[in-house]
Amino acid sequence: MRIARVAHPEGMAFVSIEGDLNGSPESLTVAEIAEHPFGQVQLTGRRWPLADVRLLAPMLPSKVVCVGRNYADHAKEMGGEAPASPIIFLKPSTTVIGPNVPIKLPASSERVDFEGELAVVIGRPCKDVPAARAKDVVLGYTIANDVTARDQQKADGGFGRAKSYDTFCPLGPWVETTLDAADVEIRTELDGELKQDGHTAQMVHDVPALIEFISHIMTLLPGDVILTGTPAGVGPMRPGQTVSVTVEGLGTLTNPVAAR
């Protein structure tokens, strides 16, 4: 199932995307989900053409847990080695935006980078999850852009300020519940030019290992999102440009870039 969150003519709702994504966009419809998509999904019977609704960020997480330097080639381009244990940090929920919403660059930063990533969406409350049972707590997967004020990251020696500006966590366009994320391609394009091209099989710590590590530290709640790290090729964005992250089997997340 492809689960999205949309603004429709009568409000907002979680929906199921119906139709062939490889076919005509006009053939796609959205079916309203009753209440929320956690647990047994029930449909209300109301439907709209996808063209008549606006895709929002598919989740409003209580927290976004990010993993740093989880691809060896990215760790190398940042001037270091891949860590023996995952490096994690948090993005506030106020960083989250949906497809086609502008990423707004703060005047206080001279370099803001894109980082295309696979994102894991948690499906139920969980703590101390062993890697062997990690799939039991996953609702599905979506696409993320872990936007970073790179100059501030280097100046501060940490992630807090650099990762936390409003609009610095685009998510979408939907959550795919049946994706096998062990080896899918991640591509990032800036104004149509390929900048990143990697595969999740290159992760230093795979998704089950990340869920085990993170859930031993904090309780994960339904809708929480884990950003699993970015391949090499990160780079700066400027106002007026457009960044698109494509994950095989998930589609493409596109956002324009603007000055704050």
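Which residue in E19 does Thr188 stand opposite? The legends below take up this point within a predicted model.

**Figure 1. Thr188 and its neighbours across the strands.** Thr188 stands opposite Val245 in E19. In E16, Thr188 has Gln196 as its bridge partner. Val245, in turn, is the bridge partner of Leu253 in E20. Read across the sheet, E15 pairs with E19, and E19 is joined to E20.

Figure 2. Strand E15 covers residues 185-190. Its covered face carries Ile186, Thr188 and Leu190. Glu185, Arg187 and Glu189 make up the uncovered face. In a regular strand, side chains alternate between the two faces of the sheet. Thr188, with Val245 opposite in E19, belongs to the covered set.

Figure 3. E16 spans residues 193-199 and runs antiparallel to E15. Six bridges join the two strands.

**Figure 4. Strand E19 between E15 and E20.** E19 comprises residues 242-247. Its pairing with E15 is antiparallel and uses five bridges. E20, residues 251-259, is also antiparallel to E19, and six bridges join them. Val245 stands opposite Thr188 and has Leu253 as bridge partner in E20.

**Figure 5. The five-stranded open sheet.** The strand order is E9-E20-E19-E15-E16. The sheet is open, and its pairing is mixed. E9 (103-105) and E16 are the edge strands, each pairing on one side only. From one strand to the next, the twist averages 20°. Strands of a sheet pair through backbone hydrogen bonds, either parallel or antiparallel.

**Figure 6. Gln152 in helix H2.** Gln152 lies in H2, which runs over residues 150-156. Is Gln152 buried or exposed? Its relative accessibility is 2%, so Gln152 counts as buried. The side chains of Gln152 and Tyr165 are joined by a polar contact of 2.9 Å. Beyond four places in sequence, Gln152 touches Ser108, Ser109, Arg161, Ala162 and Tyr165.

Figure 7. Gly158 sits in the loop between H2 and helix H3 (160-163). The relative accessibility of Gly158 is 23%, so this residue counts as partly exposed. Gly158 and Asp136 are 22 residues apart along the chain. Their C-alpha atoms are separated by 32 Å.

**Figure 8. The whole chain, for orientation.** The chain holds four helices and 20 strands. Its radius of gyration is 18 Å, close to the 18 Å that the globule rule gives for 260 residues, so the chain is as compact as a globular protein of that length. The C-alpha trace spans about 55 × 45 × 30 Å along its principal axes. Of the 260 residues, 52% are buried. Among contacts between residues at least 6 apart in sequence, 71% join residues at least 24 apart. The accessible surface comes to about 11100 Å². Carbon and sulfur atoms account for 51% of that surface.

Key
Residues are numbered from 1 along each chain as its sequence is written. This is a predicted model: local features need pLDDT of at least 70, side-chain atom pairs count only at pLDDT 80 or more; totals for chains, interfaces and linings use all residues. Side-chain values use heavy atoms; hydrogens and water are left out. Buried means under 20% relative accessible area, exposed over 50%, partly exposed in between (1.4 Å probe, protein chains only). A polar contact is a pair of N or O atoms within 3.5 Å; within protein, one must be able to donate a hydrogen and the other to accept it, and residues adjacent in sequence count only if both atoms are side-chain atoms. Contact means heavy atoms within 4.5 Å. Two strands pair if DSSP finds at least two bridges between them. Axes are lines fitted to C-alpha atoms, for helices over the stretch in contact, and angles run from 0 to 180 degrees between N-to-C directions. The radius of gyration is taken over C-alpha atoms; the globule rule is 2.2 Å times the number of residues to the power 0.38. Accessible areas come from the Shrake-Rupley method with a 1.4 Å probe; for residues, only the protein chains shown count as cover.
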